[in-house]
Amino acid sequence: MDPGAGAGQQRARGRLGAPSSGTRAPGTPWARFSAWLECVCVVTFDLELGQALELVYPSDFQLTDKEKSSICYLSFPDSHSGCLGDTQFSFRIRQCGGQRRPGHVGEKRSDSWAPASLQREPAHFFGYVYFRQVKDSSMKRGYFQKSLVLLSRLPFVRLFQALLGLVAPEFFDKLAPCLEAVCNEIDQWPAPAPGQTLNLPIMGVVLQVHIPLRADTPEPGPPKQSSHETLLPAPVVLPSVHELDLFRCFRPVLAHVQLLWELMLLGEPLLVLAPSPAVSSEMVLALTSCLQPLKFCCDYRPYFTIHDSEFKEFTTRTQAPPNVVLGVTNPFFIKTLQHWPHILRVGEPKMSGDLPKQVKLKKPSRLKTLDTKPGLYTAYTAHLHRDKALLRRLLKGLQKKRPSDVQTAVLRRHLLELTQSFIIPLEHYMASLMPLQKGIVPWKTPPQIRPFRQDDFLLSLERAGPQLTCVLKGDWLGLYRWAARRRGPGLLRPVGAHTHPSAHGSPQPHPPRPDRRFFKSPHFDGWYRQRHREMTQKLEALHLEAICEANIEIWMKDKSEVEVVDLILKLRERLVRAQGHQLPVTEATLTRARLYIDTAIGSLPKDLQAVLGPP
């Protein structure tokens with residue numbers, strides 16, 4: 001079956017331009033569109049084929065058969081959901097066959113300034129779905145069933161849900177012509193540059209959004225319209241491009257938020273069984289966001305079905321469950337994944353004024369088959385005490401009818417403080433491994449970052465751990481020790497055994513691994529690699545500054561041509577990295593480095609100057 005080969009797609013190809021190579025450089029057709037979206041898909045129900053991919057915009061975007069199949073199945077609620085009317089949800093799929101649309105320099109630079117959790121996904125697609133199922137006597141099955149899907153690498157769930165809310169109802173009435181106009185409007189949007197407040201016109205409405213910057217506070221306020229700019233019509237201001245209503249998502253599990261936070265922190269496998277794809281995807285996305293500012297590095301699937309190409313991989317019993325948070329609606333998964341250590345089943349959301357009935361903690365042995373009642377089925381015991389003051393504050397907010405966004409701010413700040421309390425001792429210990437600045441001298445190789453030793457870190461916790469400063473009490477040291485004994489697949493490479501590509505494509509050695517028993521959760525592996533990379537860049541920047549503050553002419557007096565050429569090449573390499581915003585150096589240092597390169601080249605014979613000089 002090739003669901004993308006219908007007549008509608010052939011018509012779309014004629015309207016939206018000839019196929020391209022897939023890489024859209026700035027200035028080429030659909031370059032601005034692809035800064036936000038990969039493509040827009042329309043999935044319909046065919047009596048003979050089942051779910052079928054009806055249209056793809058732009059039509060030159062290439063999807064593999066496996067990706068088409070996944071999009072088709074994940075764009076419709078399964079038969080257990082019984083969704084009538086309009087439903088929004090999201091999914092995440094693994095890209096097949098390697099990276100086909102490498103980002104251009106502008107995208108890579110934007111990612112370097114974005115918070116780690118909001119950077120583009122190089123190996124996954126996010127699918128944002130607006131599904132409509134209504135009775136229609138003119139259809140053979142008696143129902144109109146169609147989904148509009150936005151495929152993107154950006155985790156901007158709040159923005160794309162708002163966009164679908166504007167576009168999808170109009171599309172279901174007017175179909176293809178409406179979609180063509182929408183795609184053309186998106187192709188005029190400015191790039192999603194971190195730190196910018198952008199006005200995005202769409203279908204007569206202006207969406208105003210703030211793209212977070214890595215240096216932003218974790219809870220930026222809603223974007224404010226510039227005083228010198230008056231927009232007509234007045235823009236619809238989105239408070240966030242990515243944050244969900246955390247309080248609404250966690251209402252049935254508020255009593256266990258800290259336990260769930262611990263499970264997320266440790267990278268534990270968790271199955272979320274919900275009554276609909278909307279509840280499933282929002283719960284999974286809420287869980288994966290509760291570690292901010294720490295990036296969630298495990299795999300997660302907001303909505304997953306038995307038809308997914310990775311079904312066998314995730315359900316095998318021949319090895320330990322993978323580090324993944326899986327959102328499902330089919331009770332069949334309860335039976336298939338009984339061997340998973342943690343299963344959360346939630347019921348239909350109730351939006352009454354009172355706090356809904358909280359799911360109960362239950363032992364995994366009480367898991368039954370398809371009639372399993374709502375509950376958190378786990379044998380794990382939380383290390384930290386439940387924060388009763390937080391629950392009282394949230395309950396008081398419900399009684400006073402406090403707005404949900406205020407309740408969400410209270411809950412998000414609590415989770416942020418938990419994560420920061422856990423991470424700060426790691427940050428302090430990691431900073432102590434940095435060589436002293438006085439040891440960085442101009443004409444010698446800079447000293448190396450010292451290795452991370454688990455025993456030394458655990459000893460440091462006794463005099464500087466969160467148990468001494470955090471209001472929330474409990475067995476903090478036990479939580480670190482539990483984390484230290486967790487094991488994650490594929491994270492036990494010997495030091496220096498492999499290399500990974502740098503931002504310029506050249507192989508770079510992996511940072512030295514911490515003790516082999518230390519934090520095997522992918523979150524900590526990701527955190528350690530990021531921090532080691534930042535410290536290495538800082539070390540290179542300090543070394544470059546030391547060179548630029550030294551007297552290069554005195555150094556060159558007794559140096560051979562080979563040594564001078566070697567210095568020129570190293571300075572040029574550092575200059576390229578610094579200009580690509582990979583080294584934190586000032587413009588004055590860059591200017592000095594260019595002057596040193598010119599001075600060094602000028603000291604060489606004419607033939608070498610011709611080789612090393614500018615073209």
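Predicted model: local features only at pLDDT ≥ 70, side-chain atom pairs only at ≥ 80, totals over all residues.

E310 has 7% relative accessibility and therefore counts as buried, the limit being 20%.

**Salt bridges**

- The count of salt bridges comes to 22.
- E540 and R574 form one of these pairs through their side chains, at 3.7 Å from N to O.
- This pair links distant parts of the chain: E540 belongs to helix 16 and R574 to helix 18 (residues 561-579), and 34 residues separate them.
- E540 and R574 are both buried.
- Salt bridges with shared partners join R92, R94, E121, D299, R301, E310 and E313 into one network.
- A salt bridge also connects E534 with R214, where the closest N and O atoms are 3.4 Å apart.
- Here too distant parts of the chain are linked, since E534 lies in helix 16 (residues 522-549) and R214 in the loop between strand 7 (205-210) and strand 8 (236-237), 320 residues apart.
- E534 counts as partly exposed because its relative accessibility is 27%.
- R214 has 36% relative accessibility and so counts as partly exposed.

**Aromatic pairs**

- The count of aromatic pairs comes to 26.
- F144 and F172 form an edge-to-face pair, because their planes stand at 85°, with the ring centres 5.8 Å apart.
- F144 is in strand 5 (residues 143-152) and F172 is in helix 5 (residues 157-174), so this pair ties together parts that are 28 residues apart in sequence.
- Both F144 and F172 are buried.
- F156 and F160 make a stacked aromatic pair, with 6.5 Å from centre to centre and 25° between the planes.
- F156 and F160 are both buried as well.
- A cluster linked by ring pairs contains F422, Y429, F452, F457, Y480, F524 and Y528.

**A charge over a ring**

- The charged end of R92 sits over the ring of Y300, at 4.2 Å from the ring centre.
- R92 also belongs to the salt-bridge network that includes R301 and E310.

Terms used. Residues numbered from 1 in each chain as written. Heavy atoms only, no water. Salt bridge = Lys/Arg side-chain N within 4 Å of Asp/Glu carboxyl O. Helix = DSSP H or I, 4+ residues; strand = E, 2+ residues; numbered from the N terminus. Buried < 20%, exposed > 50% of the residue type's maximum accessible area, 1.4 Å probe, protein only. Phe/Tyr/Trp six-rings, centres within 6.5 Å; stacked < 30°, edge-to-face > 60°. Lys NZ or Arg CZ within 6 Å of the ring centre and 35° of its normal.
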